[in-house]
Amino acid sequence: MKGAKSKADSRKADSRLAVKKQTKKEKQAAKDPNKPKRPPSAFFVFMEDFRRQYKEKHPTNKSVAVVGKAGGDKWKSLSDEEKAPYQAAAEKRKEEYERKMEAYNRKLAGGDDESDKSKSEVNDEDDEDVSGDEDEDDD
C-alpha cells in the first residue's frame with residue numbers, strides 16, 4: 001500500500017482545495033449604495049394603498065402579519081379590471097427603473113474620472129482657452 005493515501009492526508013488536500021464561502025456581511029458589503037432600487041410589483045403597489053386604508057379602519061392593529069394576510073386575500077379577490085391601475089403604476093415604475101439603470105450602467109462603464117460637466121461643456125471651455133491664447137500672441 002505504498003501508493004495509498006490515508007484519510008488524514010486526503011482531508012488536508014480537500015481543505016486546501018476548498019473554496020472560501022462568503023458570509024452575509026461580506027455579500028452585503030459588495031452592494032453599491034448608488035445602484036437604483038428595483039421597482040415594486042403590482043401587488044406591492046396595491047399594498048401601499050391597502051395599508052393606508054387598513055390603518056384608517058383598524059387604528060389599534062399593530063400586527064404586520066394580519067395586514068399582509070388581509071391584503072393578500074383582497075388582492076386575490078380583485079378582478080383584472082380592478083388590478084389594472086396597480087399594474088399600470090408598476091409598469092410605469094419599472095420603465096423609470098430601467099432608465100435609471102441605463103444611466104447607472106453608463107456611469108459605471110464610463111469610469112469615475114469624469115466630472116459632472118458634459119463633454120460639450122468641457123470642450124467649450126477648451127475652445128475659450130485657445131482663443132484667449134491667440135489674442136495674447138497678436139500683441
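The model is predicted, so local features need pLDDT of at least 70 and side-chain atom pairs count only at pLDDT 80 or more, while totals for chains, interfaces and linings use all residues. Residues are numbered from 1 along each chain as its sequence is written, and side-chain values use heavy atoms, without hydrogens and water.

**α3 with α5**
- Helix α3 (residues 42-57) packs on helix α5 (residues 80-110) at about 115°, with the axes 8 Å apart.
- The two helices are therefore roughly perpendicular (angles of 65 to 115 degrees).
- Contacts (heavy atoms within 4.5 Å) join Ala42, Val45, Phe46, Glu48 and Asp49 of α3 to Tyr86, Gln87, Ala89, Ala90 and Arg93 of α5.
- By class, six nonpolar, one polar and three charged residues make this contact.

**α3 with α4**
- Here the packing angle is about 120° and the axes lie 10 Å apart.
- That makes α3 oblique to α4.
- On the α3 side the contact includes Phe43, Met47, Phe50 and Tyr54, and on the α4 side Val66, Ala70, Lys74 and Trp75 are among the partners.
- Ten nonpolar, three polar and two charged residues take part.

**The largest pocket**
- About 180 Å³ of space lies in the largest pocket.
- Its lining includes Arg51, Tyr54, Lys55, His58, Val64 and Val67.
- Both α3 and α4 (64-77) each supply at least two lining residues.
- The lining divides into four nonpolar, four polar and three charged residues.
- A pocket is an open set of points on a 1 Å grid where a 1.4 Å probe fits, with protein on both sides within 12 Å along at least five of seven lines, and lining residues have an atom within 4 Å of a point.

Definitions and conventions
Axes fitted to C-alpha atoms, helices over the stretch in contact; angles between N-to-C directions. Helix = DSSP H or I, 4+ residues; strand = E, 2+ residues; numbered from the N terminus. Parallel < 35°, antiparallel > 145°, perpendicular 65-115°, else oblique. Nonpolar A, V, L, I, M, F, W, Y, C, P; charged D, E, K, R; others polar. Points joined across faces, edges and corners; volume = space filled by probe spheres on them.
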